[in-house]
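Colleague: I have not looked at this structure before. Could you take me through it by question and answer?

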Amino acid sequence: MADNPALEQCLIDLHKIGVIKFGDFTLKSGMQSPVYFDLRIIVSFPKILEKVADLMWASAGGKEYHHICGVPYTGLPIATCISLKKDLPMLVRRKEKKSYGTKKMVEGIYKAGEKCLMIEDVVVSGASVYETVLTLQELELDVTDAVVFLDREQGGPANLHALGINVIAVVTITEMMAILLKHSRINQATADSVIEFINCHNETSIVADGKATFRKTLVQKNRTEMSFGSRIQTTVHPVAQKLLALMVKKKSNLCVAADVDTSAKLLELAEKVGPFICLFKTHMDIIKDFSKSTISSLKDLAVKHDFILFEDRQFGDIGNTVASQYGGGLYDVVDWADIVTVHGLPGDGVIKGLVSAVNGQARGCMIVAQMSSEGSLTSESYSKACVEMAEDHTYFVMGFISQGNISQDPRFLHLTPGVQIEGAADKLGQQYCSPRSAVLDKGADIIIVGRGIIQAEDPALAAQAYQEKAYAAYVTRIE
Ligand code: 5BU
C-alpha cells in the first residue's frame with residue numbers, strides 16, 4: 001500500500017485512545033479474537049472523528065450522491081460529520097421501528113431514485129450494512145455504495161458485492177497491522193497473532209430473509225428445495241462442508257445410533273455399517289469397557305469408511321461446566337467427536353463454553369430443538385429460540401436435532417431420530433416414523449436410526465435398506 005501519512009497518523013491516534021485493543025476478546029458471536037475495535041468511543045474525540053470522516057470521504061471516490069446514511073450506531077456520528085463538512089443531506093435509519101406516530105423507519109427527506117452513500121465503521125460479514133441498505137432500497141432509494149473505515153477481512157465486502165453493493169474500505173486489518181508495526185505501536189508477535197486469527201476466520205455469510213446468500217450468485221432458495229451439494233457453498237462451517245460433501249459422495253443421509261454396550265460391539269458395528277452411513281452417532285457413556293483404544297480404533301474405521309464421529313452427549317449445563325465436560329474427563333469428547341449435541345435450555349453460554357474448550361480443531365454441534373419422545377416439552381417457541389441461537393453462532397452450530405422443518409436456512413442440517421421402517425413406538429416413549437416420512441414430512445436432511453439397524457439380523461443389510469430409502473426420499477424432495 002502507498003504511504004498515506006494522514007491514515008498512519010489517524011491509526012496511531014486511534015491506538016492511543018484505545019479504539020484498537022489487543023488481548024483476548026470474546027466477540028458478540030462468542031468467537032475469541034486477539035483484537036478488538038471500539039470505534040464508538042471516537043465521539044469523545046472530535047478531532048479524531050473528523051480525521052476518520054475525512055479519510056472515509058476521500059475514499060468514496062468523488063461520486064455524486066444526494067444523501068449520506070450511517071449504519072447505526074457508530075456510522076451515525078461519522079455520517080453527520082461528513083454531512084456537515086460536505087453539505088450533503090443525511091438520512092437516518094432507525095434501529096427499531098417506532099411503535100407510535102408515523103412508524104417510519106427512515107428519517108429525512110428523500111425522493112425515489114435518489115442516490116445514497118452508506119457509511120459504516122467496521123465491516124465483518126456485512127450483515128449490518130445490508131440490513132440498512134435493504135430498508136433504503138425498499139423506499140426506492142438508489143443505494144449501491146458503502147464506505148467503511150476498517151475491513152476486518154472476514155468476507156464482508158465479498159458478501160455485499162454478491163448482493164450488488166460495492167464496498168470501499170479505508171484500511172484493511174492487514175494494512176492496519178503493518179502501519180502499527182511500522183510505528184512500533186505493536187510488536188511482530190501481536191501482528192502475527194491477528195493475521196493468523198484473520199486467516200482462520202476469513203469467511204462469513206449474510207442471511208437474507210432467513211435464507212443464506214450465495215456468494216457467487218444471487219439465487220436464494222429454501223433448504224428443503226436444495227441439493228446437499230449446492231448447500232456446501234452456503235455454509236462456512238468446515239465440518240458441515242465436509243459432511244455435506246461426504247453425503248453427496250456416498251449418497252448417504254443415514255446416521256446410525258450405535259447404542260451398544262461394549263467396545264467390541266461398537267467397532268464391529270462401525271465396520272459393518274460404515275460403507276452406508278455419513279454419521280456414526282455414539283453415547284460413549286453406555287460402553288462398559290471404554291478406553292482410549294476404543295477411540296483410536298473407531299477413528300481408524302471412520303477414515304477407512306469415510307464417516308464422521310458424532311457423540312450424542314446432549315450438553316445442557318452452564319458454560320463453565322460443559323467446557324470441562326467437553327474437553328476433559330474420561331471421555332475427552334472434544335478430542336475425537338467432530339460433532340456433539342447440545343441443549344438450548346441453558347442459553348448461549350452453553351455454546352460459548354463448548355467453544356472455549358475447542359483447541360484449533362474443526363468441531364461443531366447440533367442443537368436439540370425438538371425431541372422424538374412422547375410428551376416432549378420442546379414447545380414451538382423453544383424451537384424457535386434454538387434457531388435464533390444457531391443463527392447467532394454459525395461458526396459452531398451446524399444444525400438441529402428436530403422433528404419438523406424448523407428453519408429453511410440451507411446452512412442448517414436437520415437430523416431426525418425416531419425412525420424405523422416398521423415399528424411405531426417403543427415401551428418407553430420413543431415414537432417412530434418411516435425414513436420417507438422423516439425426510440418428506442418432517443424435513444429431515446439426515447435420519448438417525450438405532451434399533452432398526454443394530455437389532456436387525458444383518459445390520460449391514462439393514463443399514464443399506466435405510467440408506468436407500470432415506471436417500472430416495474431426499475432425491476424426491478429436491479426434484
Ligand atoms: P432408536 O433405537 O432408533 O430409537 O434410537 C434413537 C437414537 O436417537 C438414540 O440414540 C437416542 O438417544 C437418540 N435420540 C432420540 O431418539 N430422540 C431424540 O429426541 C434425541 C435423541 Br435428542
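Modeller: This is a predicted model. Helix α2 (residues 46-59) packs with helix α3 (residues 75-86), and their axes are 9 Å apart.

Colleague: Is α2 roughly parallel or roughly perpendicular to α3?

Modeller: The two helices pack at an angle of about 75°. Angles of 65 to 115 degrees count as roughly perpendicular. Therefore α2 stands to α3 as roughly perpendicular.

Colleague: How many nonpolar, polar and charged residues has the contact of α2 with α3?

Modeller: From α2, the residues in the contact are Leu 49, Glu 50, Val 52, Ala 53, Asp 54, Met 56 and Trp 57. They meet Pro 77, Ile 78, Cys 81, Ile 82, Lys 85 and Lys 86 in α3. By class, the contact has nine nonpolar, no polar and four charged residues.

Colleague: Which residues does Glu 120 touch, not counting those up to four places away in sequence?

Modeller: Glu 120 is part of strand β6 (residues 115-123). Its relative accessible area is 7%, and buried means under 20%, so Glu 120 is buried. The residues it touches are Met 56, Val 71, Gly 75, Ser 128, Val 129, Val 147, Val 148 and Phe 149.

Colleague: How do the buried residues of α6 fall around its axis?

Modeller: In helix α6 (residues 173-182), the buried residues are Ile 173, Met 176, Met 177, Ile 179 and Leu 180. Seen down the axis of α6, they fall within an arc of 165°, so what they line is one face of the helix.

Colleague: What do the buried residues of α6 pack against?

Modeller: Two of the partners are helices, α1 (5-16) and α7 (188-200). The strands in the list are β1 (20-26), β2 (32-37), β7 (142-151) and β8 (166-172).

Colleague: Which residue just after α6 takes a positive phi?

Modeller: The phi in question is about 55°. The residue that takes it is Ser 184.

Colleague: How far apart are the C-alpha centres of domain 1 and domain 2?

Modeller: The protein is divided into domain 1 (5-212) and domain 2 (224-478). The C-alpha centres of these domains lie apart by 38 Å.

Colleague: What separates the C-alpha atoms of Leu 246 and Ile 308?

Modeller: Leu 246 sits in helix α9 (residues 238-250) and counts as buried, at 4% relative accessibility. Beyond its neighbours within four places in sequence, Leu 246 is in contact with residues including Ile 277, Phe 307 and Ile 308. Leu 246 and Ile 308 are 62 residues apart along the chain, and their C-alpha atoms are separated by 8.9 Å.

How values were computed. Residues are numbered from 1 along each chain as its sequence is written. This is a predicted model: local features need pLDDT of at least 70, side-chain atom pairs count only at pLDDT 80 or more; totals for chains, interfaces and linings use all residues. Side-chain values use heavy atoms; hydrogens and water are left out. Helices (H or I, at least four residues) and strands (E, at least two) are DSSP runs, numbered from the N terminus. Buried means under 20% relative accessible area, exposed over 50%, partly exposed in between (1.4 Å probe, protein chains only). Contact means heavy atoms within 4.5 Å. Domain bounds come from an automatic or database domain assignment. The arc is that of the directions from the helix axis to the C-beta atoms. Axes are lines fitted to C-alpha atoms, for helices over the stretch in contact, and angles run from 0 to 180 degrees between N-to-C directions. Angles under 35 degrees count as roughly parallel, over 145 as roughly antiparallel, 65 to 115 as roughly perpendicular and the rest as oblique. Ala, Val, Leu, Ile, Met, Phe, Trp, Tyr, Cys and Pro count as nonpolar, Asp, Glu, Lys and Arg as charged, and the others, Gly among them, as polar.
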